[in-house]
Amino acid sequence: MPQELGAASVAPMNTSAAVTIDGVGKWYGAYQALKDIDMSVGRGERIVVCGPSGSGKSTLIRCVNRLEQHQRGRIVVNGVELGDNVKNIDAVRREVGMVFQHFNLFPHLTVLENCAVPQTLSRRTPRREAEEIAMGFLERVRIPEQATKYPGQLSGGQQQRVAIARALCMRPRIMLFDEPTSALDPEMVKEVLDTMISLADDGMTMIVVTHEMGFARRVADRVVFMDRGEIIESASPDKFFAEPENARTREFLKQIVH
């Protein structure tokens with residue numbers, strides 16, 4: 001396994017993209033989870049990442065905001081390289097919102113508090129201003145009437161929309177979604193996807209790990225297929241679904257597209 005990435009200065013990369021991933025490798029002990037990943041995401045571009053379980057999809061996007069640490073290659077987000085520099089990591093996390101599979105809301109805080117408190121802690125936003133911002137985004141995801149409730153009083157779809165609102169309150173330039181509908185009952189999936197479609201329509205840069213192929217067809221600028229830690233195929237939705245080039249991609253689509 002290579003030595004861990006250091007903070008040494010190296011040749012500059014093209015920083016015109018929102019996210020640049022160059023030759024990235026990631027190991028868990030002897031197991032290599034990501035193998036020489038190269039991917040660039042333009043500003044305002046919507047990328048859907050799909051693939052079988054264990055293919056490295058979630059690991060990849062978790063590396064983009066340093067929830068996971070890559071050991072080889074380079075990741076640059078909005079012109080800031082993610083290495084060991086804590087200031088760089090903090091700067092990237094202020095610009096990147098993330099929505100997880102399991103909501104990760106604070107059960108002892110109300111919906112409004114879940115959206116307001118992170119602003120007061122991370123951005124030093126005054127409490128009243130933070131609550132006004134929070135209400136604005138709760139209206140955006142169409143659940144302002146739930147502001148005084150606790151997460152346990154909401155449906156799964158409502159909780160996920162709160163999680164999206166909480167991320168948006170930090171005014172991110174990039175949104176990462178890690179299988180945001182996989183923990184939801186089927187009837188709740190649409191309300192979350194509709195919220196994500198609305199964000200996409202507004203031009204938000206998005207990287208979405210999902211098996212919701214209808215969403216990929218409608219929203220994605222590119223669909224990226226991963227398997228065994230590698231990017232196997234990357235194409236526009238039309239080409240990806242109609243003319244996949246790789247046999248592994250075709251097999252995956254046979255299993256997931258009905």
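**Lys26 and its surroundings**

Modeller: Leaving aside residues up to four places away in sequence, Lys26 touches Tyr31, Gln32, Ala33, Leu34, Thr59, Glu68, Gln69, His70 and Gln71. Lys26 counts as buried because its relative accessible area is 5%, and the cut-off for buried is under 20%.

Lys26 has its place in strand β1, which covers residues 19-28. This strand belongs to an open sheet of four strands, ordered β2-β1-β4-β5, with antiparallel pairing. The edges are taken by β2 (31-41) and β5 (80-81); each has a single partner strand, so one side of each is left without a neighbour in the sheet. In general, the strands of a sheet pair through backbone hydrogen bonds, in either the parallel or the antiparallel sense.

In the order of the sheet, β1 stands between β2 and β4. Strand β4 spans residues 72-77, and five bridges join β1 to β4 in the antiparallel sense. Across this pair, Ile21 stands opposite Ile75 in β4. A helix belongs to the picture as well: α1, made of residues 57-64, lies across β1, β2 and β4 and runs at about 60° to β2. Thr59, listed above among the residues that Lys26 touches, falls within the residue range of α1.

The model has another open sheet, of six strands, with mixed pairing and the order β6-β7-β8-β3-β9-β10. Its edge strands are β6 (96-99) and β10 (230-235), each of which pairs on one side only. On average, neighbouring strands of this sheet are turned by 15° against each other, direction ignored. At one end of the order, β6 pairs with β7 (residues 174-178) in the parallel sense over four bridges, and Val96 stands opposite Ile174 in β7. Helix α2, residues 86-95, lies across β6 and β7 at about 65° to β6. Helix α6, residues 186-201, lies across β3 (46-50), β7 and β8 (205-209), and runs at about 150° to β8.

Last comes the confidence of the prediction. The average pLDDT of the protein is 91, and 94% of the residues score at least 70. Residues 1-15 stay under 50, and the model has 28 contacts for them beyond four places in sequence. Where pLDDT is low, the predicted coordinates should not be read in detail.

How values were computed:
Residues are numbered from 1 along each chain as its sequence is written. This is a predicted model: local features need pLDDT of at least 70, side-chain atom pairs count only at pLDDT 80 or more; totals for chains, interfaces and linings use all residues. Side-chain values use heavy atoms; hydrogens and water are left out. Two strands pair if DSSP finds at least two bridges between them. Helices (H or I, at least four residues) and strands (E, at least two) are DSSP runs, numbered from the N terminus. Axes are lines fitted to C-alpha atoms, for helices over the stretch in contact, and angles run from 0 to 180 degrees between N-to-C directions. Contact means heavy atoms within 4.5 Å. Buried means under 20% relative accessible area, exposed over 50%, partly exposed in between (1.4 Å probe, protein chains only). pLDDT is the predictor's confidence in each residue, from 0 to 100.
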